[in-house]
Amino acid sequence: MADEHKAFGWAAKDESGFLSPFHFSRRENGEDDVTVKILFCGVCHSDLHTIKNHWGFSRYPIVPGHEIVGIATKVGKNVTKFKEGDRVGVGVIISSCQSCDSCNQDLENYCSKMVFTYNSRSSDGTRNQGGYSDVIVVDHRFVLRFPDGLPSDAGAPLLCAGITVYSPMKYYGMAEESGKHLGVSGLGGLGHLAVKIGKAFGLRVTVISRSPEKEREAIDRLGADSFLVTTDSQKMKDAVGTMDFIIDTVSAEHSLLPLFGLLNVNGKLVILGFPEKPLELPIFPLVSGRKMVGGSQIGGMKETQEMLEFCAKHNIVSDIELIKMDDINSAMERLARSDVRYRFVIDVANSLNPA
């Protein structure tokens, strides 16, 4: 590839979040780097929040995208895990200090010096841009081997959505509790993967939703065991104290009290969503039932690779709508309305046109 440092993608230039063609530069491939030709990139809800500066720390211009699958086109001389032609993945983070307690425990995602794939700067001051682009250069320690059994398009969202539900299932003991009852609150990009991964771990899974029209899809298509409509007061009453775990994927402002009611003694509520306003924590049911509320984000590199292998083994992929790069702004509008089942993925290689 001539002029390998030249790159092209689509970027947001201001808080409107409107994405448009953008020429920029990548660093040259260093001794520890892998250059990746991007084939597909998933569209995450955090992409939408970032391009519109909902969290207040966006720095424009921003090329979003952290669910990247592509082909390694160049590797540095110190790289032994990858070779040219390998299919690889790049997720949410591209650097960490590699020396703190978190990094030493393979928890780079909790490193205080962790660097995000986009809307960030590397230690040398380089602005990092994401996967809505043709090429990316990444330190090999933050590149993942994409298993042969996973399709590149439907597998891409696993690099964020997949690990975001897999990691808390492992940490909070769900992976070792076959037969236990898991509730999944919210049936979106995270929720539909939580159903699939929970079933693969041997859990009994109930989808908790305010939308009764999703019941058949949750059970017949995704494999959930049951469906609980939050607006049905009698069914909610009947389900009190029946669940061992609940994964709450809802990003909108909502009450936690009904979810605490569904948990049995020692039950665990794990929150994965990022509501724009703080949620109220009801203390009485928490204390009286010895229940636990926790949180989680993505996983470290070792756990993310483990998740990819697990999903390949169990034939778990995201349900996607494949789009062209030109369709990204309308896709973002639909994502804001939760009008996608369940994840958009951009066909970068076949639709990103520098002309």
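Author: Domain bounds are those of an automatic or database domain assignment. This is a predicted model in which local features need pLDDT of at least 70 and side-chain atom pairs count only at pLDDT 80 or more, while totals for chains, interfaces and linings use all residues. Residues are numbered from 1 along each chain as its sequence is written, and side-chain values use heavy atoms, with hydrogens and water left out.

Reader: Into which domains is the protein divided?
Author: The centres of the two domains, taken over C-alpha atoms, are separated by 29 Å. The division gives domain 1 (5-160 + 319-347) and domain 2 (162-295).

Reader: What area is buried between domain 1 and domain 2?
Author: Contact, meaning heavy atoms within 4.5 Å, links 11 residues of domain 1 to 16 residues of domain 2. Carbon and sulfur atoms give 46% of the buried area, which is the accessible area (1.4 Å probe) that two parts lose on being put together, summed over both. That area comes to about 1,200 Å².

Reader: Which three residues supply 50% of the area that domain 1 buries against domain 2?
Author: Between the domains there are 3 salt bridges, each a side-chain nitrogen of Lys or Arg within 4 Å of a carboxyl oxygen of Asp or Glu. Asp-319 forms a salt bridge with Arg-221, with the closest N and O atoms 3.0 Å apart. The 50% share, more than any other three residues supply, belongs to Asp-319, Arg-341 and Tyr-342.

Reader: Is Gly-131 buried or exposed?
Author: Gly-131 is placed in the loop between β9 (127-128) and β10 (135-139). Leaving aside neighbours within four places in sequence, Gly-131 is in contact with Ile-38, Cys-41, Pro-64, Gly-65, Ile-68 and Val-348. The classes are buried under 20% relative accessible area, exposed over 50% and partly exposed in between (1.4 Å probe, protein chains only). Because its relative accessibility is 0%, Gly-131 counts as buried.

Methods: Helices (H or I, at least four residues) and strands (E, at least two) are DSSP runs, numbered from the N terminus.
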